[in-house]
Amino acid sequence: MITTRLTELLKIRHPIVQGAMAWVSWPELVSGVSNAGGLGILGAGFMTVEELRTNVRRTKELTAQPFAVNILPDNPNLDQMLDVVVNERVPVISYGIGDPKLIMQRCKPEGILCIPTVGAVRHAVKAERDGADAVIIQGTEAGGHSSHVATIVLVPEVVERLQIPVAAAGGFCDARGLTAALAMGAEGISMGTRFMLVKECPIPQSVKDRYLQSTEEETVVSGHVTGVRCRILKNKLAERFLELGEQNAPSREFMMLGVGRFRKAFIDGDPDWGSLACGQVIGRIDDIPTCQELIEGIVSGTEGLLQNLSQRCAPSLHQA
Ligand SMILES: Cc1cc2nc3c(=O)[nH]c(=O)nc-3n(C[C@H](O)[C@H](O)[C@H](O)COP(=O)(O)O)c2cc1C
């Protein structure tokens, strides 16, 4: 059992969060993670208000454990989306790029925990100042919208600057990663890519198979997917983006148009022409466990590693 301020804050058994993934983290995956003792996050970035309500209710049917909803702060229907979060008593809200003012105003008085994912030290500092309850700091290794800076540089810096609990994201898939994150001062990890390759994740098998075959050298970062730097697998679509060159990448207003390519990957199952967002850690993943097998394996592996490390690196402590 690994207890941290993050597990206590979120009322979860294990310090493992499933990163929000639009078009991927549907109720089956979210509830699978939460039932296994982690925190599942519903990827509601591109849902309509009605779709959000339906998916929150479905998640609540599948789990009695805490889970979160991920929303874009500049969603044109933000107010109505937040009505759903508040009225359905969702315990945690997750969000990324954009102004979190309305989210804070609506969620804090209701006791809903506010946990942004950020990719820069200065954004983490601002998030705490804005009133966040915890922060997920995500490095450049991560899948999806990606930072410029590596996780191993960001995490210790953010931990030193913030009082609130910090979870580390970008490049984690196993016990070695959780052990390293704890050693850097984080109080948990958040994984996106690893949770795409679990039994409960409902993306098409054709896409899971492509991911399983891929190495850590086969991702690229492109602004062409959504108008914001996004790490995706190098497939035919990504090669086309590379040919177009980053100077011709569209503006952020393009974001909603880019969504069709996620649908092509994660609903239609086209591994060549869909946007297969994933992190570099894809090269370390070669199995499809259940959420419970994955989470329990990471936690027990971490407990073992923590003991081994102290015996291996500080044997004198064990001689007395
Ligand atoms: C397919 C995919 C979709 C994602 N969609 C979102 C999203 O909708 N909102 C968000 O805040 N982060 C999104 N992310 C980022 C993840 O929540 C998570 O922070 C990231 O995957 C962590 O890095 P890792 O992939 O190395 O585990 C996405 C990542 C992937 C792989």
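Me: How many helices and strands does the chain have, and how compact is the chain for its length?

Reply: The chain of this predicted model has 14 helices and 11 strands. Its radius of gyration is 19 Å, close to the 20 Å that the globule rule gives for 320 residues, so the chain is as compact as a globular protein of that length.

Me: What share of the contacts in the chain joins residues at least 24 apart?

Reply: The count takes in contacts between residues at least 6 apart in sequence. Among these, the share that joins residues at least 24 apart is 62%.

Me: Which handedness does the crossover from β2 to β3 have?

Reply: Strands β2 and β3 (residues 67-71) run parallel and are joined by four bridges, with L42 standing opposite V69 in β3. Between them the chain passes through helix α3, residues 49-62, and this β-α-β crossover is right-handed.

Me: Which residues come nearest to the ligand, and which elements give two or more residues to the shell around it?

Reply: Of the 28 residues around the ligand, G19, G143, G144, G192 and G279 come nearest. The shell divides into 11 nonpolar, 15 polar and two charged residues. The elements that give two or more residues to this shell are β9 (189-191) and α9 (193-196).

Key
Residues are numbered from 1 along each chain as its sequence is written. This is a predicted model: local features need pLDDT of at least 70, side-chain atom pairs count only at pLDDT 80 or more; totals for chains, interfaces and linings use all residues. Two strands pair if DSSP finds at least two bridges between them. A crossover is right-handed if, with the strands pointing away from the viewer, the path from the first strand over the helix to the second runs clockwise. The radius of gyration is taken over C-alpha atoms; the globule rule is 2.2 Å times the number of residues to the power 0.38. Two residues are in contact if their C-beta atoms, placed from the backbone, lie within 7 Å. A residue is near a molecule or strand if its C-beta atom, placed from the backbone, lies within 6 Å of it. Ala, Val, Leu, Ile, Met, Phe, Trp, Tyr, Cys and Pro count as nonpolar, Asp, Glu, Lys and Arg as charged, and the others, Gly among them, as polar.
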